[in-house]
Amino acid sequence: MTMPTEQDRVLIFDTTLRDGEQSPGATMTHEEKLEIAELLDDMGVDIIEAGFPIASEGDFAAVSEIAMRSKEAVICGLARANVKDIDRCWEAVKRAGKPRIHTFIGTSPLHRQIPNLSMDQMADLIHDTVTHARNLCDNVQWSPMDATRTEHDYLCRVVEIAIKAGATTINIPDTVGYTAPRESADLIRMLIERVPGADEVVFATHCHNDLGMATANALAAVEAGARQVESTINGLGERAGNTALEEVVMALKVRNDIMPYQTGVDTSKIMNISRRVAQVSGFPVQFNKAIVGKNAFAHESGIHQDGMLKNPQNFEIMRPEDVGLAASSLPLGKHSGRAALKAKMTALGYDLADNQLADIFVRFKELADRKKEVFDEDLIALMGAASEAH
Ligand code: KIV
Ligand code: ZN
């Protein structure tokens with residue numbers, strides 16, 4: 001078995017257009033999907049899951065066109081464990097420079113009841129469907145849905161079958177966001193150690209955020225040997241969403257000292273795609289969302305603003321330009337202090353003496369107590385009122 005080297009490359013698999021679009025209400029138009037796929041390709045995402053071709057004519061058309069227009073990225077389509085789904089998926093992705101078929105079936109005790117198959121019958125179906133996919137395409141991903149609630153012995157057995165049938169990537173989904181970081185790592189490690197042929201495939205991690213642990217679980221899986229992270233822009237996805245692409249990529253960049261893995265993503269393109277995905281999906285990004293939230297690079301309190309003005313590293317672990325943001329912001333509110341007010345007044349063209357600053361600071365605090373945020377026009381008005389009073 002090959003042990004991961006220290007500077008291993010982690011593949012970034014984006015499923016904004018498939019799992020992300022499964023968020024109730026997040027449906028995107030054909031044109032919007034093409035645009036998002038192009039942005040993902042341009043930012044250096046390795047694999048784009050463009051949709052679920054059998055799901056609708058619209059999904060088929062979008063996946064086919066994304067495949068045709070793709071540049072560098074592998075274009076992947078999703079298919080259930082049956083020949084019809086797999087054939088339809090292949091029809092859609094085959095025009096890509098680098099096509100991939102992703103086929104899956106639920107393997108946990110609960111999910112095995114859905115098609116009502118015995119363990120042996122399911123094992124045979126996995127063998128047959130992965131073999132069929134591999135006869136069409138040399139890049140096949142297989143996922144045991146609800147892997148984190150599947151018995152370990154059975155999981156090892158079916159993963160081995162999928163590898164022998166020709167799967168090139170084995171994705172381990174935490175479909176219901178149930179696992180926790182240590183368990184996520186242990187599961188990947190266990191599979192790599194126990195399954196014959198594990199060293200010939202890439203293990204992927206696909207986490208959901210039901211308990212708010214999707215990013216932590218994905219990173220733990222990487223440390224245990226997973227080399228593909230499945231994620232979405234802004235963490236869009238079923239229920240509480242998927243692992244957020246921007247979080248994983250920035251965590252690996254900022255904490256490369258303790259997680260020495262590389263991605264191919266140009267992080268300066270993160271903010272733009274985040275905003276576009278928010279617009280086209282109709283899912284606004286929460287203000288305090290890591291990396292891409294409106295407040296992720298905003299500092300309101302006096303102590304923080306003063307520290308930022310002296311040295312941004314006092315309160316920022318990444319530079320705004322690293323994620324494609326022009327600059328951090330120091331919004332003025334009731335917690336702000338003199339240093340930030342002075343900097344803002346200077347930026348607005350006012351060169352204030354100490355006594356003028358003291359006067360305007362009192363007026364500013366009175367206003368800030370009434371208003372959530374004090375804007376440039378408020379300060380200009382305050383200066384007008386102050387000069388009339390004197
Ligand atoms: O969460 C999940 O299990 C999935 C599979 C289809 C991979 O999205
Ligand atoms: Zn999922």
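UniProt, in an unreviewed entry, lists residues 10-271 as "domain: Pyruvate carboxyltransferase"; its positions are given in the numbering used here, feature names are shortened, and annotations may be inferred rather than shown by experiment. What you're looking at is a predicted model, in which local features need pLDDT of at least 70, side-chain atom pairs count only at pLDDT 80 or more, and totals for chains, interfaces and linings use all residues. Residues are numbered from 1 along each chain as its sequence is written, while chains are lettered from A and ligands numbered from 1 in the order in which they are written.

How confident is the predictor? The protein chain averages a pLDDT of 96, and 98% of the residues score at least 70 (pLDDT is the predictor's confidence in each residue, from 0 to 100). The complex gets an ipTM of 0.99 and a pTM of 0.94.

Back to residues 10-271: the span is 42% helix and 18% strand, with its end C-alpha atoms 21 Å apart. Helices (H or I, at least four residues) and strands (E, at least two) are DSSP runs, numbered from the N terminus.

Now for the annotated site.

Finally, take a look at helices H3 (residues 83-93) and H5 (residues 119-136), whose axes come within 10 Å and cross at roughly 20°. Axes are lines fitted to C-alpha atoms, for helices over the stretch in contact, and angles run from 0 to 180 degrees between N-to-C directions. H3 and H5 are therefore roughly parallel to each other (angles under 35 degrees count as roughly parallel).

Methods
Parallel < 35°, antiparallel > 145°, perpendicular 65-115°, else oblique.
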